[in-house]
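Student: I would like to understand how the labels attached to a structure follow from the values behind them. Could we go through some of them together?

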Amino acid sequence: MIELKQLCAGYTSDEVLHGITASLGHGMLVSIVGPNGCGKSTLLKTVAGILRVQNGEVLLDGISASAMRRDALAARIAYLAQGKQAPAMTVGEMVLHGRFPHLHFPRRYSARDREIAGTAMEALGIMQYADTPVAALSGGMRQSAYLAMALTQEADYILLDEPTTYLDIANQISLMRLLHKLSRDGHGIAAVMHDLPLSLAYSDEIWVMRDGILVMTASPQEIVSSGVLHEVFGVDVRADSGQYSYHFV
């Protein structure tokens, strides 16, 4: 389990996150929502060890992440940034890069590493694109390739920053179904999201942020009934038989 305890973090001396307390367990899909600039991306980067903890703690199975070696942390937590530029390599080559945190000197991929990468591509239905340049893939297939790289990393936790950006509606839904399936396979997944109905439909828990503060963490049903979405976003979301939609009056 990833536990955040009164977490404060930011850039240099500027504190962006203020006393964040929450947890992400195996088998959970969490959507992190909030207005632009509220600290969502900063939160993911801090949990992934990219940004330094200024105060409080990030615990990974009870061990302080700050005390862990960078490669050990990377082997447990995969971070997929927003707006990633497609690397100049094939899908198979990129997916295999997920093994990097597990390599030892002289850092050569073994037959076992290649087997793990192949299994991940098979699981996500992209094996036929192994020799295809990543830049040639559609947005949806490219996201599947990045997820295959995360699976190859054998990370327990996957953090995604705005994974549905640039995807059409069909691919957004397909991606959320895939994230839901991966969580049911035992991964703990947290994704920064902007589409509230989509987040509510597929997530086990919603983290609502505003001004660097975690305003509420709860189930989708509790989030909708609480009125916090109107308070934070100025919009209303209606729940009807498990379906969520914006409600305009």
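This is a predicted model: local features need pLDDT of at least 70, side-chain atom pairs count only at pLDDT 80 or more; totals for chains, interfaces and linings use all residues.

Student: Why are Cys-8 and Cys-38 called buried?

Tutor: The label applies under 20% relative accessible area. Cys-8 has a value of 11%, and is therefore buried, while Cys-38, at 4% relative accessibility, also counts as buried.

Student: What makes Glu-154 and Arg-99 a salt bridge?

Tutor: The rule asks for a side-chain nitrogen of Lys or Arg within 4 Å of a carboxyl oxygen of Asp or Glu, and in this pair the closest N and O atoms are 3.2 Å apart. Glu-154 lies in the loop between α5 (139–152) and β7 (157–161) and Arg-99 in the loop between α3 (91–96) and α4 (111–123), so the pair ties together parts that are 55 residues apart in sequence.

Student: Why is Glu-154 called partly exposed, whereas Arg-99 is called buried?

Tutor: Buried means under 20% and exposed over 50%, with partly exposed in between. Glu-154, at 39% relative accessibility, therefore counts as partly exposed, whereas Arg-99, at 7%, counts as buried.

Student: How do you know that Arg-184 forms a salt bridge with Asp-204, and where do these two residues lie?

Tutor: Their closest N and O atoms are 2.6 Å apart, which meets the cut-off of 4 Å. Arg-184 is in helix α6 (residues 169–184) and Asp-204 in the loop between α7 (196–202) and β9 (205–210), so that the pair links distant parts of the chain, 20 residues apart. Arg-184, with a relative accessible area of 44%, is partly exposed, and Asp-204, at 28%, counts as partly exposed.

Student: How many salt bridges does a search of the whole structure find?

Tutor: The search finds 9 salt bridges. Asp-61, Arg-76 and Asp-156 are linked in a network of them.

Technical notes: Residues are numbered from 1 along each chain as its sequence is written. Side-chain values use heavy atoms; hydrogens and water are left out. Buried means under 20% relative accessible area, exposed over 50%, partly exposed in between (1.4 Å probe, protein chains only). Helices (H or I, at least four residues) and strands (E, at least two) are DSSP runs, numbered from the N terminus.
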